[in-house]
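Here are some worked exercises on one model. Have a go at each task before you read its solution.

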Amino acid sequence: MDKVEKATEAIAEKRKLPEEIKARLNDYTFMNLIISIALMIYMIVINIIYLNEDAQFFSTSIKVFSIWLAIIDVLIFEIGYRKDELKIWIHGFELLICSSLVLSLQYVYLYAEPVVKAMFMLLPLFYSIYYVVKVTIVHIIETKRYQNNLSDVKEIVKNEEEGYLDDIKEGLANDVQNIENQKKQEREIIKKAKKKKKGGKK
């Protein structure tokens, strides 16, 4: 029972995420939170400009915002290329999509139907939902990946089972040895008894 409990505790301990992975996930969450907040503020500012300024100023602002966003996007792709990290590339594609949406806002807000305008005005909300879902999925995937790759757990169970079987084998071997020793002693006693018997006859 002690071995089973120890094996269960060892497996439970091993299934917990190490501090290194937790720290990496926390950093990833924090980075996505910053990006999400920045994009939400960005979109909200565009909405405020649309609601409070004339069409010419709004159109010019959209173009300026799109240029700055495109420059930042190029820098992100450059960093992703140099570091060869998929996560940075994903941020770059997300920003590229955002830049395309922002560039289309001047046509949507000025010429589209009210329903379409309302949907685009809710982009900050959609982005926040997207990043929450994204971070949650990444946490689940990383946790499952770590737990599925726990080869050590199999080794622990295997070692515990082998240790248990070794104890049984050792116990059986001792029992067999004791039986053989006992039989040997009995044969010695019988031999001595026979010798004494023969000596008495003489």
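Predicted model: local features only at pLDDT ≥ 70, side-chain atom pairs only at ≥ 80, totals over all residues.

**Exercise 1. Find the element that holds Y131, and decide whether Y131 is buried or exposed.**

Step 1: Y131 sits in helix α6. Helices here are DSSP runs (H or I, at least four residues; strands are E runs of at least two), numbered from the N terminus.

Step 2: Y131 has a relative accessible area of 3%, so it is buried. Buried means under 20% relative accessible area, exposed means over 50%, and partly exposed is in between, with a 1.4 Å probe and protein chains only.

Step 3: Now look across to I35.

Residues are numbered from 1 along each chain as its sequence is written, and side-chain values use heavy atoms, with hydrogens and water left out.

**Exercise 2. Count the salt bridges, then work through R24 with E142, R82 with E78, and K134 with E94.**

Step 1: Start with the idea. Side chains of opposite charge can pair when their charged atoms come close. The rule used is a side-chain nitrogen of Lys or Arg within 4 Å of a carboxyl oxygen of Asp or Glu, and by this rule the count comes to four.

Step 2: R24 pairs with E142, their closest N and O atoms being 3.6 Å apart. This pair links distant parts of the chain, since R24 is in helix α2 and E142 in helix α6, 118 residues apart. R24 is partly exposed at 38% relative accessible area, whereas E142 is buried at 13%.

Step 3: K134 and E94 meet in a salt bridge of 2.7 Å, N to O. K134 lies in helix α6 and E94 in helix α4, so this pair ties together parts that are 40 residues apart in sequence. Both K134 and E94 are buried.

Step 4: Salt bridges with shared partners also join R24, E142 and R145 into one network.

Step 5: R82 and E78 form a salt bridge too, with 3.1 Å between the closest N and O atoms. They are four residues apart in helix α3, so about one helical turn separates them. R82 is exposed at 68% relative accessibility, and E78 is partly exposed at 36%.

**Exercise 3. Describe the two largest pockets: how much space lies in each, and which elements line them?**

Step 1: Rolling a probe the size of a water molecule over the atoms shows where empty space is left. On a 1 Å grid over the protein atoms alone, a pocket is an open set of points where a 1.4 Å probe fits, with protein on both sides within 12 Å along at least five of seven lines; lining residues have an atom within 4 Å of a point.

Step 2: The largest pocket holds about 540 Å³ of space. It is lined by 22 residues, and M31, I35, I76, I88 and H91 are the closest to its centre. Elements giving two or more residues to this lining are α2 (19-52), α3 (55-83) and α4 (86-111). The largest share, nine residues, comes from α2.

Step 3: The second largest pocket holds about 170 Å³. Its lining includes Y28, I90, K134, E142 and R145. Here the elements giving two or more residues are α4 and α6, and α6 gives the most, with five residues.

Notes: Points joined across faces, edges and corners; volume = space filled by probe spheres on them.
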